[in-house]
Amino acid sequence: MADVVLGSQWGDEGKGKLVDVLCDDIDVCARCQGGNNAGHTIVVGDIKYDFHMLPSGLVNQKCQNLVGSGVVVHLPSFFEELENLEKKGLNCRDRLFLSSRAHLVFDFHQRVDKLREAELSGNNKAIGTTGKGIGPTYSTKASRSGIRVHHLVSDEPDSWKEFETRLRRLVDTRFKRYGEFDCDIETELARYKELREKIKPFVLML
């Protein structure tokens, strides 16, 4: 049997708290969509755990947790959140997994998010996003131009060259749309070359 928790109020419905209650006796907690948004806080005794992207099932030490293929993942935020949880005593390393088919959020997505909001605000139509790049990443997913986790971690010959080509092409398309905004592509590539090895132990090749 599986329990599914869905929100219908555009966030802030208390999904995380409900998942935490249900996770007392489940084997697997899987997140199916979204990104590192506002998130939620879970209090256990006198310890507060902050969740933004990672499944709150991590509070249950017997529960396996999956960041699924529908989630858009900003890897620096993934590791920042993980490290904060581990500092508070949660052992997550052997029970946290990331789908190889999840799409990656890059810093330029976050910049585009803010540019798009500024563009819409001129017509009083701003969405009011958190600026985390979630919407722009889903846009690249829908247009089939996005970059998935497996593009980053693949061990196939020339896989890194292909990843680099995809990222440069994607940034270039956004330059054509929004102009030459601030984006240090070389620094971004260097960072993801390090993150490539760091994320591999968490990835489930699906």
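Residues are numbered from 1 along each chain as its sequence is written, and side-chain values use heavy atoms, with hydrogens and water left out. Because the model is predicted, local features need pLDDT of at least 70 and side-chain atom pairs count only at pLDDT 80 or more, while totals for chains, interfaces and linings use all residues.

**Nonpolar core**

A nonpolar core is taken here as a set of buried Ala, Val, Leu, Ile, Met, Phe, Trp, Tyr and Cys residues joined through side-chain atoms within 4.5 Å. Buried means under 20% relative accessible area, exposed over 50%, and partly exposed in between (1.4 Å probe, protein chains only). The largest such core has 42 residues, and F78, F163 and I199 have the most contacts inside it. At least two core residues come from each of β3 (47–51), α2 (75–87), β6 (96–99), α3 (107–121), α5 (149–153), α6 (159–178) and α7 (185–199). The most, 6 residues, are given by α6. Helices (H or I, at least four residues) and strands (E, at least two) are DSSP runs, numbered from the N terminus.

With neighbours within four places in sequence left aside, F78 is in contact (heavy atoms within 4.5 Å) with M53, L54, V67, V73, L96, I199 and F202.

**Strand pair**

Strands pair if DSSP finds at least two bridges between them. Strand β2 (residues 40–44) runs antiparallel to β3, and 5 bridges join the two. One of the bridge partners is I47 in β3, which pairs with V44. The two strands form a hairpin with 2 residues between them, and G45 in the turn has a positive phi of about 65°.

**Salt bridges**

A salt bridge is a side-chain nitrogen of Lys or Arg within 4 Å of a carboxyl oxygen of Asp or Glu. The count by this rule is 10, including those tabulated below.

| Pair | Closest N to O distance |
|---|---|
| R191 and D107 | 2.5 Å |
| R191 and E188 | 2.9 Å |

R191 is partly exposed at 29% relative accessibility, and D107 is partly exposed at 30%. R191 and E188 are 3 residues apart in helix α7, about one helical turn; E188 is buried, with a relative accessible area of 7%. Shared partners join D107, E188 and R191 into one salt-bridge network.

In helix α6, R168 and E164 are 4 residues apart, again about one helical turn. R168 is partly exposed at 31%, as is E164 at 25%.
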